[in-house]
Every structure is written in C-alpha cells, then in structure tokens.
Amino acid sequence: MKKIILILIGLLLITACGRKDSNEYDPHQGTEGLVIEFLPNTPPDEVYENSPFSIGFEAHNAGATDIDKAKIVLSTQRSLFESFEDLYYARLEGKSINNPYGDSDIKVIDIQTKTIFAAETQPAEFKIVYCYPYSTVFSTNVCIDPDVLGEKTNKPAECPEQKRTFRNGQGAPVAVISMETKMLPTKTGAIPTFEFEVENVGKGTVMAKTAYENACSSTGLKPAEVGLIDASNIYLGFDKLKCTRNQLRVEQRSEGDEYFDVEVTTLACEGNEIPYSEEAYLGSITMTLDYGYKDETSTDMFIVKNPAR
C-alpha cells in the first residue's frame, strides 16, 4: 500500500507540473531540510560572570518532507555555566502548496554563568547539533521510445531523450542532479535504461535513516551507516525498475574519524522490454530516497569578570 501511495503522489506531482505555469510555487525545489539558527543577540556578545542570560534558536523545516522527530542537542563548556536543559525534540511539517514556508519552532533557554577565575574574560562557544530523518522525492517525465532506428516520426516533443540535469534540487539536502535515458535494442523491442546521479547538496552528513538518533548522541555512527541512502523505490509508471543496487553511499569514511564527501554517486536501473510495435510515449519516473541527516551551527560569546567584585 505504501508503494502505491508513493507512486500516486509522484504521478500527481508530474501531472500538476504539466498544468501549472512557470510562476506557480513548487515545494519540491531547493536543497535544504532542517535549518537551525540562533536568534539575534541570544546569546549576547558579552555576559558578566554569575549573571543570567538567554539563548534562543529557531528550527525551520525548509524542505518538502515532514519531520516527525528531530533530535536537537545544545552543547558548550559546561564548567562555565549552571546546569541547563540541553536536549530537545521537534516535529515540523515540510513545505507544501498550503504551507509554502514550512513549519518553524522557536526555543528560548535561560542560562546563568558561573564565576571565572583565570582571566578578565573567558570565551565560550555554544554549538547546536541536530539530526533528523528525511526523504527526497524526485519525479519527472521521460520519453520511452522503442523505435531505436528512428523510423517513426509521430513522437512526443520530449523525444529523443537525452541527459538532463536538475540543479534546483527537490526540496531536500540530498538531490538527484541528473538522469540519462537510453533505449537498449533487443530482438523484439527495446529496454529503457536510466542512469541517475545523486549528490549530498547540503552542508551536513548523510547516514542510514535508522541511525539518525545515535548520530546526535555519545553512541555516534558506525562506519557502515555513514552516507547510506535507501534507493529501493524507483518506478517507471507503476512498474518498479530493476537497479544495480538498492542502497547508495554519498559519503565515505577515511582514516581515523574523518569523513570526506563523495561528490556524486551513480545508480543504473532498467525497466521492462517495450515491443517495437508500440509507439513512443511520455512516461513518468518517480524515485524516493530515504536517509538520516546531521547538521550543526555554532556561536561564540565572552564571559566577563564582574567589576563590582
């Protein structure tokens, strides 16, 4: 049932794209997912020792996928501050026609500095690390033409199919950036083949969807979980494509604990044979990529000795 729903959503997206003008809003564009930013002057640039202040941040789902549970961790040099809450969860709807901005949530935390001893000022950093599950939904029209010899002329305007690029993203930090279609001739017809290029176009780290909560904890990620994307749901119309693999990896583990981006990863798929007798037609490709994502942001402040002491 879930697969049928995903296909229908993709088909509806494609149909809608065919009817709308170029100025109509499309939530499945952009290269961001969850974005967290500190609110202005929270924290302030300077705070006296033994003084209260506030830290505030806004969590904004800037992509097109709903987030059921984002894990948000606030960290700093704990020896400089009194105890405060540092773990938060957020549920945020993504962009849509009815909600073009996507949901956002603001959190303000009251904190107090401790006494500093060694210097007149003490620098401090606050970092927010956030992890969440996300999906990329890619859908586009594609020419399916079994006439590999070019003997017929009555074909859709999109034929012949060539390599196409998609540089506006799909409303997610992982994007399909290109698709190349070829028709491989057989004795009785032709087999449509597709090569997709997928890239981490965001600033964070991709991981297996099931690992996102551990990524924002002391448990951390296992090497096999880094960069892993589930790519098992790719369809031509209602027919599932046969692909060389069901999982992609857009990052790889290097020496030690350092991770390095793989700029582009590719995936090859093929559909069912199309008889020569069939006319060329405009089909629909739908793809859902599932993964976890980790990102972070930080800000600095100074704790200043109280002149009254």
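A residue is called buried when its relative accessible area is under 20%, exposed when over 50%, and partly exposed in between (1.4 Å probe, protein chains only). This is a predicted model, in which local features need pLDDT of at least 70 and side-chain atom pairs count only at pLDDT 80 or more, while totals for chains, interfaces and linings use all residues. Residues are numbered from 1 along each chain as its sequence is written, and side-chain values use heavy atoms, with hydrogens and water left out.

**Confidence**

Begin by colouring the chain by pLDDT, the predictor's confidence in each residue, from 0 to 100. The chain average is 89, and 88% of the residues score at least 70. Next, select residues 1–11, where pLDDT is below 50; beyond near neighbours in sequence, this stretch has 15 contacts (heavy atoms within 4.5 Å). Residues 13–20 also stay under 50, with eleven contacts beyond four places in sequence. Where pLDDT is low, the predicted coordinates should not be read in detail.

**Disulfides**

Now display the cysteines: the structure holds three disulfides, each a pair of cysteine sulfur atoms within 2.5 Å. Numbered in sequence order, the bonded cysteines pair as 1-4, 2-3, 5-6.

Select C143 and C159, whose sulfur atoms are 1.8 Å apart. The torsion about their S-S bond is about 100 degrees, so this disulfide is right-handed. C143 lies in strand β7 and C159 in the loop between β7 and β8 (164–165), so the pair ties together parts that are 16 residues apart in sequence; helices (H or I, at least four residues) and strands (E, at least two) are DSSP runs, numbered from the N terminus. Both C143 and C159 are buried.

Move to C131 and C216, with an S to S distance of 2.1 Å. This pair links C131 in strand β7 (residues 121–144) to C216 in the loop between α2 (212–215) and β12 (228–236), 85 residues apart. C131 and C216 are both buried.

Then select C243 and C269, joined at 2.1 Å. The former is in strand β14 (residues 242–243) and the latter in strand β18 (residues 265–270). C243 is partly exposed, with a relative accessible area of 23%, whereas C269 is buried at 5%.

**A cavity**

Finally, select D145, P146, D147, K152, N154, K155, E278, E279 and A280, which line the second largest cavity. A cavity is a set of points on a 1 Å grid over the protein atoms alone where a 1.4 Å probe fits but cannot get out, and lining residues have an atom within 4 Å of a point. Its volume is about 30 Å³.

Key: 1 Å grid on protein atoms, 1.4 Å probe; cavity = no way out; pocket = protein on both sides within 12 Å on 5 of 7 lines; lining within 4 Å. Points joined across faces, edges and corners; volume = space filled by probe spheres on them.
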